[in-house]
Amino acid sequence: MAQKHQKFLDAGIKLIGEEKYELAIVELKNAINAGPKIAENYYQRGRCYLNLGKNADAQKDFDKAIELEPLKALYYNIRGLAFENLNDTLNAISNFKQAISLDSNDYRPYNNLAHVLEAQQKYKLALETINIAIRRNSREPGLYVSKGNLLQALNDTSGAISNYNQSITIDSNFYGANYALAIIYNEKDNYKFALRYINRAINFDTKNPEGYVERGLILENTKDTVEALKNYNKAIELDNNFSFAYFTRGSYFQSRGNSTAAIADFSKMISLDP
């Protein structure tokens, strides 16, 4: 029976790697039926639910994994993410702290805890926490982006830029760092640098609509209005439920006297985000 369970588990993990989460759930349900006492079966299915936004289902699977294997830090960390997505901040923090107590060398629960603290606007405590994460893994570019974002919140723009650049030193194409620098340089009216960084961000993640909206805003500032509109259109093509894209395109039309198109975009924005 154990061999049969492993076959389903391996198939499920492979499908997760291919981002085929619904199909993976089928395999992992079979794994659970064949091995109901094996914690990893529930953990892997919970990962699928988490990626599909089914956070309550994910939490239940992580609960079961922890019941079967209560000393696994990884399970508490990921259950914390499910609780965070469910807006259950207290349980999210509790799980991240439990993960840290079980494995203080893993940077991930520190990083996740810092994000929750940032959302609570506890920026100094979040900064202390992200610094611990960096000490645990100084080669993870996302940690420097997180630290840069916290420094921005603390009005330390030069410190933020330094950390975004450190992220790029590790991975020159890392989306978060390039995107953040593009915003900073756009606000500083340094459009040449802003375009350099946003182009890198988009090249790294061609399917992220936020990058195209930001590039559209930069291009508007350079008076390249034709290309700006193309970028807003691309953002909406990628995600037709992205309310901010309709706002930026509506503002574009409004500033050019096309009130009919502007009203249509603003109405769509309101319907998505009332």
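The expected span of a helix is 1.5 Å times one less than its number of residues. The legends below apply this rule once and then turn to other views.

This is a predicted model, in which local features need pLDDT of at least 70, side-chain atom pairs count only at pLDDT 80 or more, and totals for chains, interfaces and linings use all residues. Residues are numbered from 1 along each chain as its sequence is written, and side-chain values use heavy atoms, with hydrogens and water left out.

**View 1. Helix α2, residues 21-34.**
Helices are DSSP runs of H or I with at least four residues, and strands are runs of E with at least two, both numbered from the N terminus. Helix α2 has 14 residues, which at 1.5 Å a residue should span 20 Å; the end C-alpha atoms are 20 Å apart, so the two values agree. Buried residues in α2 are Y21, A24, I25, L28, A31, I32 and A34. Here buried means under 20% relative accessible area, exposed over 50%, and partly exposed in between, with a 1.4 Å probe and protein chains only.

**View 2. A11 in helix α1.**
Helix α1 covers residues 2-17 and includes A11. A11 counts as partly exposed because its relative accessibility is 26%. In sequence A11 and E27 are 16 residues apart, and their C-alpha atoms are 6.4 Å apart in space.

**View 3. S167 in helix α10.**
Helix α10 runs over residues 157-170 and holds S167. S167 counts as buried because its relative accessibility is 0%. Leaving aside neighbours within four places in sequence, S167 is in contact (heavy atoms within 4.5 Å) with P141, Y144, V145, F174 and A177.

**View 4. The largest nonpolar core.**
A nonpolar core is a set of buried Ala, Val, Leu, Ile, Met, Phe, Trp, Tyr and Cys residues joined through side-chain atoms within 4.5 Å. The largest one has 49 residues, and I130, Y164, L181 and I198 touch the most other members. Helix α11 (residues 175-187) gives the most to this core, with eight residues. Not counting residues up to four places away in sequence, I130 touches N111, A114, L143, S146, K147 and L150. Another core, of 27 residues, lies apart from the largest one and has L9, A39, A73 and A99 among its members.

**View 5. The whole protein, for orientation.**
The protein has 16 helices and zero strands. Its C-alpha atoms fill a box of roughly 70 × 40 × 30 Å, taken along the principal axes. Of its 274 residues, 46% count as buried.
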